[in-house]
Amino acid sequence: MSIDRRQCVDVIYLDFSKAFDKISHSLLITKLIRRNVPRQLIAWIASFLSNRRQLVVLGATLSDWAPVTSGVPQGSVLGPLLFNIFVDDLDNVLHQDVKIKKFADDTKLYVTYNADASAQAALKLQESLNAVQTWCNQWSMQLNVSKCTSMFFGCNNPHVTYMLNGSALTNALTMRDLGVTVSDNACVSQQCLAVSSKARRLTGLMLRTFSSRRRTVILPMLKAIIRPIVEYATPTWNPCLKKDIAEVEHVQRKVTKCIRGISHLSYDERLRSLDLPKLETRRLYFDMLECFKIVHNLTRSECQSVISLSELRTRGYHCRLKSVLPPARTEIRKHFFLERALSQWNALPVEVVQQQTYSSFKLSLRKHLSV
């Protein structure tokens, strides 16, 4: 939306050094007390963290046991929650115009501005970055400066150099953000290449490992192992260019070509024989599932403030979606999730979109799209 308004966005990706291992137990308890967590619960958490020991094994030699006074156990259910509580007050040290997005130890700061206000925006973001460094010093956390990077979006972005702890941050053209490759031009081609390459490598490994080419062997592997790679988080990067669509679709095309007895058939005929939908149809399916969750408040999304079901009571029309946003001006936004989802949702049959529960909607949608 910011790019569509011809605004600029500066993003700083932060990397905490050994984030889960650096959390001081005593400082964590202090924060729990400040948040008015019940004393009995604090005591239970303290018991969960205390009396832990570690040693180092090198060959047949063991080191002495050493007490563990910091870190939350990784792999536990409680670990990520305690980490989120520990970094929750990081928001408070930022400038009011600087926003923050956090998911466990993946943290990024960003500021949106008009090109003529780049100097003021850069100053605000730099001040916030300095405040984050001060916060880390105060709470015994450490930023890995070499892995902290900046990204710049917008045609007129001045590409300001940001400093952290006396070092200039690296400017990245692409960044892996929660498993999705983000490009500074907001194009998803790099993400399509990344997932298709990973899926092809895994396909090659699968075919080398298993000599059988029967559909009873290949098809379950496609559904359980290969397909999830190219379907991860597709509502955020659903491609619109034919070359990108073909790049991703080639993954399933190659796997189905290997199945014995149908390799001579065309791709569409192979899909009909295997009762498989195209990956493009599967991405539409996931778009609509995400749209349902947003509309019915089953997930937290910024899209909830700009789309809603129609208030008109005309038969079927109350199931239609409407948006308060102005029409898209750029090609990037025209193919953004919110823009494409509106038309796709409103094109669904009334009996599908009027479902009131997620499970019933999912079932109706699967029948309608044959996925």
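**Ground rules.** I am working with a predicted model, where local features need pLDDT of at least 70, side-chain atom pairs count only at pLDDT 80 or more, and totals for chains, interfaces and linings use all residues. Residues are numbered from 1 along each chain as its sequence is written, and side-chain values use heavy atoms, with hydrogens and water left out.

**Overall.** Of the 371 residues, 41% are buried (under 20% relative accessible area, 1.4 Å probe, protein chains only). I found 15 helices and 15 strands, which are DSSP runs numbered from the N terminus (helices H or I, at least four residues; strands E, at least two).

I traced an open, mixed sheet of 5 strands in the order 6-7-1-8-11 (strands pair if DSSP finds at least two bridges between them). Strand 6 (99-103) and strand 11 (170-171) are at the edges with a single partner strand each, so one side of each has no neighbour in the sheet. Strands 1 and 7 run antiparallel, joined by 8 bridges, and Ile-12 stands opposite Leu-109 in strand 7.

**Helix 5.** Next I checked the helix lying across strand 1 and strand 7: helix 5 runs at about 155 degrees to strand 7 (axes are lines fitted to C-alpha atoms, for helices over the stretch in contact, that is, heavy atoms within 4.5 Å; angles run from 0 to 180 degrees between N-to-C directions). Its buried residues include Leu-125, Leu-129 and Trp-135. Just after helix 5, I noted Ser-140 with a positive phi of about 60 degrees.

Technical notes: Buried means under 20% relative accessible area, exposed over 50%, partly exposed in between (1.4 Å probe, protein chains only).
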